[in-house]
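Please walk me through the sheet in this model.

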Amino acid sequence: MRVGFRMILEAQPDITVVADVADGQAAVEAARRLRPDVCVLDIRMPVLDGLQVTRLLAGPDVADPIPVVVITMFDDDEYVDTALQYGASGFLLKDCGPALLVEAVRAAVRGDTLVAPQVTVRLLRHFRHRPQVRAAIPVESLTDRESDVVRAVARGLTNQEIAAELFVAVSTVKTHLAAAQSKLGVRNRVEVASWAWRAGLVDA
């Protein structure tokens, strides 16, 4: 799997693979030493699993986090939720096509998020069937427009797509998103989406 992913990524003129390693502890050590723009992690790895590695590289307590794209199996809803809480910037399925893998890496470097559509659907269902899970910050803390933007982010839309849907400028979307992130105390789009799912802003 690593060989295949490396071949796909190295075929891109704007991507250089600086390392590939066989276990989670080696991944943490290599990432801290090499400081790559993004790490691609399997959730299931020897020594330290992908969740632990994500927390160590991108978690809330990390002063200088490294963007992480997590590769997951179709039925790992709980794992994906945990990885999201640990700061992962993207989610793909192991059978994702080359184009999706490349775009997820590029999105993470840009500070954006790419989530495989199947994963999004699974997560939405997961939270819909767990009404006891609640967002820490109430929905009422956001303005109507901030809620619109957050809802769109949770659906996987880019800033450009949100702007087109809401008939506003991209800069306006960024302003509302930044305000929402500040109110919610989150750092990225994935955490925004997680809050939206927990708060019930998105219908599965």
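Two strands pair if DSSP finds at least two bridges between them. Strands (E, at least two residues) and helices (H or I, at least four) are DSSP runs, numbered from the N terminus. The model is predicted: local features need pLDDT of at least 70, side-chain atom pairs count only at pLDDT 80 or more, and totals for chains, interfaces and linings use all residues. Residues are numbered from 1 along each chain as its sequence is written, and side-chain values use heavy atoms, with hydrogens and water left out.

Start with the sheet. It is open, has 4 strands in the order E1-E2-E3-E4, and its pairing is parallel. Strand E1 (39–42) and E4 are the edge strands, each pairing on one side only.

Now take E3 (residues 90–93). Strand E2 (residues 68–72) pairs with E3 in the parallel sense over 4 bridges. Here Val-70 has Phe-91 as its bridge partner. Strand E4 (residues 114–115) runs parallel to E3, joined by 2 bridges.

Which way do the residues of E3 point? Gly-90 and Leu-92 point one way, Phe-91 and Leu-93 the other. Leu-93 counts as buried because its relative accessibility is 7%. Leu-93 and Met-73 are 20 residues apart in sequence, yet 5.6 Å apart in space, C-alpha to C-alpha.

Conventions:
Buried means under 20% relative accessible area, exposed over 50%, partly exposed in between (1.4 Å probe, protein chains only).
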